[in-house]
Amino acid sequence: MKKITIVGAGRVGETTAQILAEAELCREVALFDVREGVPEGIALDILQTAPFFEFDSVVHGSNDPRILKDSELVVVTAGLPRKPGMSRADVLESNVRIIDEVTDHIIAYAPDALVLMVSNPVDTLTYRVAQRTGWNQSRVFGQAGVLDASRMASFIAQETGFSARDITTMVLGGHGDTMVPVPRFCTINGIPLSYFLPEDRIEAINERTRKGGAEILSLRKNSSAYDAPGAAVATMVDSIVNNRRRLLPCVALLEGEYGEADIAMGVPCILGSKGVESIVELDLNERERTDFSRSASAVRNEIERLGDIGLDTNKQ
């Protein structure tokens, strides 16, 4: 891939840019942010690590949205971060206004790009961007499940003492307190998780996964997570750039899958060079279906709030 633009030069955007440059996942990494001098300074700082990490990717930044021109992928991290005690939904009103402006810049300067949403609440904002652009299911998607699944895997590694490399997890639903960890589809080197841990310990891990972001926020106090989110975004970008067609839980627009439509939320996706190439529908049991439906209801409530704050779901 020739050019990837990251919108929002905050901590997640900066970490993502650093990882993309180090891995040389594209020739050009661009940073766009409205704060004067910030994206240029971050880009220069990252560029000066090139001799250490031995990469030749070009990194630059600007306050001018025209920097988006010719982007093949746009990663959107812009928006106000939540503070301790806040949910991801609490920043919806402020962030949807920011994302509307960002979306219009993407339409104007990168009309052929894929869009990877990171800004919270990510399910609702992914839906918002899809509605505002009118682009199809494959081109607009969000990062949530990759991060949540990684958190769950790290908690399992801590609990069992096994290598995190051997742990595969799956988390569905909205990226919030109603997310749906699915331990039935979690394995340690192919062996079901239930072989190693009793039900009460698995449920404790599920609950910690749901609160994973809040736990970090409460400990750091002045910042939400950015290292793991940046790595999660880079994992998705790697699958797209190298057309790996990895099966990853992503926020996707649902068009009847899992019995849901006109909504965006976390489901297993095949992620390749064209974006979301397909959605994998797992055979959920009764409890999992109930939890998924409850999570969908929570996301729908957020989507309905778009009207409550005076915002039309179509391009303005």
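**Close-up 1. Arg132 and Asp104 meet through their side chains.** In this predicted model, the side chain of Arg132 makes a polar contact with the side chain of Asp104, at 3.0 Å. (A polar contact is a pair of N or O atoms within 3.5 Å; within protein, one must be able to donate a hydrogen and the other to accept it, and residues adjacent in sequence count only if both atoms are side-chain atoms.) Arg132 sits in helix α5, and it's buried, because its relative accessible area is 5%. (Buried means under 20% relative accessible area, exposed over 50%, partly exposed in between, with a 1.4 Å probe and protein chains only.)

A quick note on the ground rules: residues are numbered from 1 along each chain as its sequence is written, and side-chain values use heavy atoms, with hydrogens and water left out. Since the model is predicted, local features need pLDDT of at least 70 and side-chain atom pairs count only at pLDDT 80 or more, while totals for chains, interfaces and linings use all residues.

**Close-up 2. Helix α5 is mostly covered.** Eleven of the twelve residues of α5 are buried, among them Val122, Leu125, Tyr127 and Arg128. (Helices are DSSP runs of H or I with at least four residues, strands are runs of E with at least two, and both are numbered from the N terminus.) How far apart are the end C-alpha atoms of α5? They're 16 Å apart, which agrees with the span that its twelve residues, 122–133, should have at 1.5 Å a residue. (The expected span is 1.5 Å times one less than the number of residues.) Just after α5 comes Gly134, with a positive phi of about 80 degrees.

**Close-up 3. Strands β13 and β14 form a hairpin.** Two residues lie between the strands. β13 (residues 261–272) and β14 (residues 275–279) pair in the antiparallel sense over four bridges. (Strands count as paired if DSSP finds at least two bridges between them.) Look for Leu271 and Val276, which are bridge partners.

**Close-up 4. His175 carries a UniProt label.** The unreviewed UniProt entry places the feature "active site" at His175. (UniProt positions are given in the numbering used here, feature names are shortened, and annotations may be inferred rather than shown by experiment.) You'll find His175 in the loop between β8 (171–172) and β9 (180–181). Is His175 buried or exposed? It's buried, because its relative accessible area is 9%.
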